Amino acid sequence: MIISWTGVRNLQWTDGSYTNINMEVNFVHLGEWTLFTATANDPEPHGRELHRRAMNGEFGAVSPPEGA
Amino acid sequence: MPIVLRLIKGSELTFAELDGNFQDLDNRTDALEAIDAGTRLTRLEAAGTPLYFDSDDVMVMLDSIWAGGVDSYLATTDSIGLASFDSDHFNVNRGHVTIKLAGYTPSDSAGIASFDSSNFVVSAGHVTINPNSAAGRVAGTTIIDSTGVASFDSAEFNVSSDGHVTHNSVFLDSAVRSRFSVVDNGIAGSFEYSDSTGVFTYTGSPLATTSSVGVASFNSSHFTVDGSGQVSLASTGAAFSTTFNSVGSLGFFFVDGATAAVGGTVSGSNLKYGTVNTDGSGHKVNQIGANPLATAFISGQSTSFNALSSKRVTGSSEASPSGTWRNLGPGYAYSGGQAPYGGAGLNLFVRIA
């Protein structure tokens, strides 16, 4: 399945390791804003792309993790 | 001595001039009296002085003129003479000569024609049709909607002797090819047509990839395809993705820091699975903790329980998957739990994004 999205918002590090990023993604196939965890080693290409673009700042600033 | 007139002289005439005038008149009278009045006279003016010829003199002169015959005095192409006019081409009326121009005479009569310069080109008497004129242009040499003389390609048309044109039912390739077109509705593959070559080209769909539409094939280990093209899951096929953490894969996870009703979604970072305890002491379903306040009937004795929870390890002994997951049950996924393990019950999730 080809997974695409129309928007990404509310980026936040998942924890103090500052490795993975939580975000809200409006996926085309879901049709609503959905929480999503982007990781660099996601087995899915869209997961890796979201993580890479988030790391590049393409979706805006990434908030500190909860409790930080 | 010529006659001297008082008005011409402008002053009084002298006696000699007066006498001279009378003498001149007298001489003239004498001359007239000497002429035979019965003879016809011809008077010609020459330098102000009248000359008189009698009829005999005139006849002598005419005889001299016509002595060579009339033909000798007719005009020729290179000599002056008497001209006559061919009535086919000229009108002569009371000595006035006019040309019989074409158009003034019947169309089939001889005459001098003139040519409209907008339709004809005349050079050194040579007449050609002006190809750029409205009436004289030749079809094909100017714009197609102009009037003019048309020619017909014998490859396509028959022209009878009476000028009647019919199509010979042989259509040129270019004419036929121009009548076709194709519609490519997109999706996979393409369908094109060249009106210059008349070739239809169908390019089949490419093989499908994860990111492009195309022709799919089915892994026989997981799918069966019958003769009508109907695809079914093979008896040994995998209904879900068998790659952990990929979209479509299933997993039992604890929920941490989030809640999700059955059918609800949760971020992968809020799901936990054990990673470290290789001895099997990590997350377990078959190892449950009971709330001491709970009641159950065990070994013939009534014991109370109000909750049971699966065993969960925490901290660095667990990890989270990626993506977005949907809770498939069996109930509400909740991070809170009952002692002694403090973890929620394991829920089944499927990754949806």
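This is a predicted model: local features need pLDDT of at least 70, side-chain atom pairs count only at pLDDT 80 or more; totals for chains, interfaces and linings use all residues.
## Chain A: elements and fold

Chain A holds 68 residues, and 41% of them are buried. Of the contacts in chain A between residues at least 6 apart in sequence, 38% connect residues at least 24 apart. The accessible surface of chain A is about 3700 Å², with 47% of that area supplied by carbon and sulfur atoms.

## Helix 1 of chain A

Helix 1 of chain A spans residues 45-55, and its buried residues are A:H46, A:G47, A:L50, A:H51, A:R53 and A:A54. The cover over these buried residues includes strand 1 (5-13), strand 2 and strand 3 of chain A, and also strand 24 (347-351) of chain B. Just after the helix, A:G57 adopts a positive phi of about 80 degrees.

In general, an α-helix has 3.6 residues a turn, so residues three or four places apart point the same way. A:E49 counts as partly exposed because its relative accessibility is 30%, whereas A:R53 is among the buried residues of helix 1. A:E49 and A:R53 also belong to a network of salt bridges that includes A:E58.

## Other salt bridges within the chains

Over all chains, the whole structure contains 7 salt bridges. One of the pairs in chain A is A:R9 with A:E24, where the closest N and O atoms lie 3.5 Å apart. A:R9 belongs to strand 1 of chain A and A:E24 to strand 2 of chain A, so this pair ties together parts that are 15 residues apart in sequence. With a relative accessible area of 34%, A:R9 is partly exposed; A:E24, at 18% relative accessibility, counts as buried.

In chain B, the side chains of B:E17 and B:K9 meet in a salt bridge at 2.6 Å, N to O. B:E17 is buried, with a relative accessible area of 16%, while B:K9 is partly exposed at 32% relative accessibility.

## Contact between chain A and chain B

The size of an interface is often given as the accessible area lost when the parts come together. Between chain A and chain B the buried area is about 1200 Å², and carbon and sulfur atoms give 57% of it. The contact involves 17 residues from chain A and 18 residues from chain B.

The two chains share 1 salt bridge, and B:R351 and A:D42 have their side chains joined in a salt bridge at 2.7 Å, N to O. There are also 11 residue pairs in polar contact between the chains. On the side of chain A that touches chain B, strand 2 (21-27) and strand 3 (33-38) each supply at least two residues. Strand 3 of chain A gives the most to that side, with 4 residues.

## A nonpolar patch on chain B

The surface of chain B carries a nonpolar patch formed by B:M59, B:L62, B:I65, B:W66, B:V70, B:Y73, B:L74 and B:L82, which together have about 710 Å² of accessible area. One of these residues, B:V70, sits in the loop between helix 3 (55-65) and strand 3 (90-93) of chain B. B:V70 counts as partly exposed, at 46% relative accessibility.

Methods:
Residues are numbered from 1 along each chain as its sequence is written. Chains are lettered from A and ligands numbered from 1 in the order in which they are written. Side-chain values use heavy atoms; hydrogens and water are left out. Patches are made of residues with over 30% relative accessible area and no salt bridge: like charges are joined within 9 Å, nonpolar side chains (Val, Leu, Ile, Met, Phe, Trp, Tyr) within 5 Å. Accessible areas come from the Shrake-Rupley method with a 1.4 Å probe; for residues, only the protein chains shown count as cover. A salt bridge is a side-chain nitrogen of Lys or Arg within 4 Å of a carboxyl oxygen of Asp or Glu. Buried means under 20% relative accessible area, exposed over 50%, partly exposed in between (1.4 Å probe, protein chains only). Contact means heavy atoms within 4.5 Å. Buried area is the accessible area (1.4 Å probe) that two parts lose on being put together, summed over both. A polar contact is a pair of N or O atoms within 3.5 Å; within protein, one must be able to donate a hydrogen and the other to accept it, and residues adjacent in sequence count only if both atoms are side-chain atoms.
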